[in-house]
Amino acid sequence: MKLLEECKVEPDLDRKIQMLYAINSMLPKSRRLKIPSLITNDYVYQALYRIEEMLLVA
């Protein structure tokens, strides 16, 4: 959860994308997101929200 919060406030999009990949790789394979090749700032926020929801439900 701490990594999710750090990623949300990171101002650099490239660093934010790297963090998203790292967070996603820590998830079980069945729970990982399929991240598209073209990533926008909006996508990062949506992905982080979905990961956070998965973690809160689990």
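Me: What pattern does the protein chain follow when read along its sequence?
Reply: The protein chain follows the pattern α-α-α, and its secondary structure comes to three helices and zero strands. Helices are DSSP runs of H or I with at least four residues, strands are runs of E with at least two, and numbering starts at the N terminus. This is a predicted model, in which local features need pLDDT of at least 70 and side-chain atom pairs count only at pLDDT 80 or more, whereas totals for chains, interfaces and linings use all residues. Residues are numbered from 1 along each chain as its sequence is written, and side-chain values use heavy atoms, with hydrogens and water left out.

Me: Why is α1 called roughly antiparallel to α2?
Reply: The axes of helix α1 (residues 2-9) and helix α2 (residues 13-26) come within 9 Å and cross at roughly 160°. Angles over 145 degrees count as roughly antiparallel, and those under 35 as roughly parallel, so α1 is roughly antiparallel to α2. The crossing in which α1 passes α2 is left-handed.

Me: Which residues make the contact of α1 with α2?
Reply: On the α1 side they are Leu3, Leu4, Glu6, Cys7 and Lys8, and on the α2 side Lys16, Met19, Leu20, Ile23 and Met26, where contact means heavy atoms within 4.5 Å. By class, this contact of α1 with α2 holds seven nonpolar, no polar and three charged residues.

Me: What makes α2 roughly parallel to α3?
Reply: The axes of α2 and helix α3 (residues 41-57) come within 11 Å, and their crossing angle is roughly 30°. That makes α2 roughly parallel to α3, and α2 passes α3 in a left-handed crossing. In this pair, Leu13, Lys16, Ile17, Leu20 and Ile23 of α2 meet Asn41, Tyr43, Val44, Tyr45, Ala47, Leu48 and Ile51 of α3. By class, the contact of α2 with α3 has ten nonpolar, one polar and one charged residues.

Me: How do you know that the radius of gyration of the protein chain agrees with that of a compact globule?
Reply: With 58 residues, a compact globule would have a radius of gyration near 10 Å, and the protein chain has 11 Å, which agrees. The radius is taken over C-alpha atoms, and the globule rule is 2.2 Å times the number of residues to the power 0.38. Along the principal axes, the C-alpha atoms of the protein chain fill a box of roughly 30 × 25 × 15 Å.

Me: What percentage of the 58 residues in the protein chain do buried residues make up?
Reply: Buried residues (under 20% relative accessible area, with a 1.4 Å probe and protein chains only) make up 33% of the 58 residues in the protein chain.

How values were computed. Axes are lines fitted to C-alpha atoms, for helices over the stretch in contact, and angles run from 0 to 180 degrees between N-to-C directions. Angles under 35 degrees count as roughly parallel, over 145 as roughly antiparallel, 65 to 115 as roughly perpendicular and the rest as oblique. A crossing is left-handed if the near helix is turned anticlockwise from the far one by less than a right angle, and right-handed if clockwise. Ala, Val, Leu, Ile, Met, Phe, Trp, Tyr, Cys and Pro count as nonpolar, Asp, Glu, Lys and Arg as charged, and the others, Gly among them, as polar. Buried means under 20% relative accessible area, exposed over 50%, partly exposed in between (1.4 Å probe, protein chains only).
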